[in-house]
Amino acid sequence: MNDDDGAFVEHWCVQVGTRAVPGSPLLGLAGLCLGHTARRFGRLGDESLALVKALAARAEADPADADGRALDGYDDVRSFLFRRRENRVEAGRRPREDPS
């Protein structure tokens, strides 16, 4: 998470989040890390947005499947990506589509 290459960090968060088995603590961690990636770099690709949303839904449905860190990560995505999008709208720029 300390790497300055956002695409590299995002890639590995997705790899971990898609390869970990149900119930693995790596699922919640992947969601949390995607949230931190959104905060640090101000963007996430479509695959990452879909994954962080799915992990949060899994954590909400069954915390034994994906832990609550996935929910925290999705909160970060909503806070940091949406806030920046709202600022772009106010400045007259078109926002990306809402991932929720």
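How many salt bridges does a search of the whole structure find? And what can be said about helix 2 and the residues in it?

Reply: This is a predicted model, in which local features need pLDDT of at least 70 and side-chain atom pairs count only at pLDDT 80 or more, while totals for chains, interfaces and linings use all residues. Residues are numbered from 1 along each chain as its sequence is written, and side-chain values use heavy atoms, with hydrogens and water left out.

A search of the whole structure finds five salt bridges, a salt bridge being a side-chain nitrogen of Lys or Arg within 4 Å of a carboxyl oxygen of Asp or Glu. The chain has four helices and zero strands, where helices (H or I, at least four residues) and strands (E, at least two) are DSSP runs numbered from the N terminus. Along the sequence this gives the pattern α-α-α-α. Of the 100 residues in the chain, 40% are buried; buried means under 20% relative accessible area, exposed over 50%, and partly exposed in between, with a 1.4 Å probe and protein chains only.

Helix 2 covers residues 25-41, which is 17 residues, and from its first C-alpha to its last it reaches 24 Å, close to the 24 Å expected at 1.5 Å a residue, the expected span being 1.5 Å times one less than the number of residues. Its buried residues are Leu27, Gly28, Ala30, Gly31, Leu32, Cys33, Leu34, Gly35, Thr37 and Ala38. After the helix comes Gly42, whose phi is positive, near 75°.

Thr37, which is found in helix 2, is buried with a relative accessible area of 1%. A polar atom of the Thr37 side chain lies 2.8 Å from the backbone oxygen of Cys33. Leaving aside neighbours within four places in sequence, Thr37 is in contact with Met1, Gly6, Val9, Glu10, Cys13, Gly42, Arg43 and Leu44, contact meaning heavy atoms within 4.5 Å.

Because Arg40 lies in helix 2 and Asp4 in the segment before helix 1 (6-19), the pair ties together parts that are 36 residues apart in sequence. Arg40 counts as partly exposed at 31% relative accessibility, whereas Asp4 is exposed, with a relative accessible area of 68%.

Two of the residues in contact with Thr37, Glu10 and Arg43, also have side chains that meet in a salt bridge, at 3.9 Å from N to O. This pair links distant parts of the chain, with Glu10 in helix 1 and Arg43 in the loop between helix 2 and helix 3 (46-61), 33 residues apart. Glu10 is buried, with a relative accessible area of 9%, while Arg43 is partly exposed, with a relative accessible area of 41%.

Another of the salt bridges is formed by the side chains of Arg58 and Asp65, which meet at 2.7 Å from N to O. Here Arg58 is partly exposed, with a relative accessible area of 29%, and Asp65 counts as buried at 14% relative accessibility.

For the chain as a whole, residues 24 or more positions apart account for 63% of the contacts with a separation of 6 or more.

Note on methods. A polar contact is a pair of N or O atoms within 3.5 Å; within protein, one must be able to donate a hydrogen and the other to accept it, and residues adjacent in sequence count only if both atoms are side-chain atoms.
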